[in-house]
Amino acid sequence: MSDVVLRPMTGADLPAVHRLDRVLFPEDTWSEEMLAGELADQPRTRYYVVAEAPGGEIVGYAGLAAAGGQADVQTIGVRADRRKGGIGAVLLTALLEEAVRRGSESVFLEVRADNDAAHRLYERFGFERVGIRKRYYQPSDVDAIVMCRKLRDRPPMGFTRPD
């Protein structure tokens with residue numbers, strides 16, 4: 001991991017990120033237009049970073065949506081030959097730090113039910129399973145596990161009764 005640097009994703013990164021996304025998630029690939037739409041909301045409600053190797057090669061990427069006290073991990077991807085080197089953990093850490101910076105109370109995500117490595121990463125970071133979205137990933141009919149990590153308690157809201 002020491003040779004990789006995180007930096008904000010820019011529009012110039014979209015072709016490389018899209019190529020990597022097609023390799024990593026062939027059935028669930030986002031179009032370049034979808035990625036561009038995500039970047040268009042940066043920094044207002046989005047935060048996207050890339051993991052860049054020496055020479056400028058993008059070996060990972062991640063994105064967060066955050067608004068109204070809630071954040072959602074939109075995507076995390078690491079090139080297969082660079083996995084198990086800590087890049088995914090560094091990307092997830094960056095997203096969680098940004099969610100805290102934005103005052104989010106919780107972070108949610110969906111992960112393929114058949115992606116055991118991602119489950120382990122998220123559980124290591126304190127995410128808990130909170131639900132299932134049946135047949136969420138198409139066309140493969142794979143369920144999504146919904147996970148959540150609480151970042152802080154929500155303050156009391158509404159009326160309170162005097163004791």
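Let me start with a pair of helices: α1 passes α2 in a right-handed crossing. Before going further, please note that this is a predicted model. Helix α1 covers residues 14–24, and helix α2 covers residues 32–40. They pack at an angle of about 125 degrees, and their axes are 10 Å apart.

Which residues of α1 and α2 make the contact? On the α1 side they are L14, P15, V17 and H18, and on the α2 side E32, L35, A36 and L39. Sorted by class, the contact of α1 with α2 has six nonpolar residues, one polar and one charged.

The other pair I want to show is α3 and α4. Their axes are 11 Å apart, and the packing angle is about 50 degrees. These two helices are therefore oblique to each other as well, and the crossing of α3 and α4 is right-handed. Here G88, A89 and L92 in α3 meet L121, Y122 and R124 in α4. By class, that contact has four nonpolar residues, one polar and one charged.

Now the cores. In soluble globular proteins, nonpolar side chains tend to be buried together. In this model, the largest nonpolar core has 29 residues. V73, I76, L91, L92, Y122 and F127 are the ones with the most contacts inside this core. The elements that give two or more residues to the core are the strands β2 (46–52), β3 (58–67), β4 (70–78), β5 (106–112) and β7 (142–150), together with the helices α3 (87–101) and α4 (116–124).

Which element gives the most to this core? That is α3, with seven residues.

Take Y122 as an example. Leaving aside neighbours within four places in sequence, Y122 is in contact with I76, L92, L109, V111, F127 and M147. There is also a second, separate core of 12 residues, and it includes L14, V17, L24 and I58.

Last, R82. This residue sits in the loop between β4 and α3. Is R82 buried or exposed? Its relative accessible area is 19%, and buried means under 20%, so R82 counts as buried. Apart from neighbours within four places in sequence, R82 is in contact with D3, V4, A53, V59 and I87. As for Q138, R82 and that residue are 56 residues apart in sequence and 26 Å apart in space, C-alpha to C-alpha.

That's what I have for today.

Methods
Residues are numbered from 1 along each chain as its sequence is written. This is a predicted model: local features need pLDDT of at least 70, side-chain atom pairs count only at pLDDT 80 or more; totals for chains, interfaces and linings use all residues. Side-chain values use heavy atoms; hydrogens and water are left out. A nonpolar core is a set of buried Ala, Val, Leu, Ile, Met, Phe, Trp, Tyr and Cys residues joined through side-chain atoms within 4.5 Å. Buried means under 20% relative accessible area, exposed over 50%, partly exposed in between (1.4 Å probe, protein chains only). Helices (H or I, at least four residues) and strands (E, at least two) are DSSP runs, numbered from the N terminus. Contact means heavy atoms within 4.5 Å. Axes are lines fitted to C-alpha atoms, for helices over the stretch in contact, and angles run from 0 to 180 degrees between N-to-C directions. Angles under 35 degrees count as roughly parallel, over 145 as roughly antiparallel, 65 to 115 as roughly perpendicular and the rest as oblique. A crossing is left-handed if the near helix is turned anticlockwise from the far one by less than a right angle, and right-handed if clockwise. Ala, Val, Leu, Ile, Met, Phe, Trp, Tyr, Cys and Pro count as nonpolar, Asp, Glu, Lys and Arg as charged, and the others, Gly among them, as polar.
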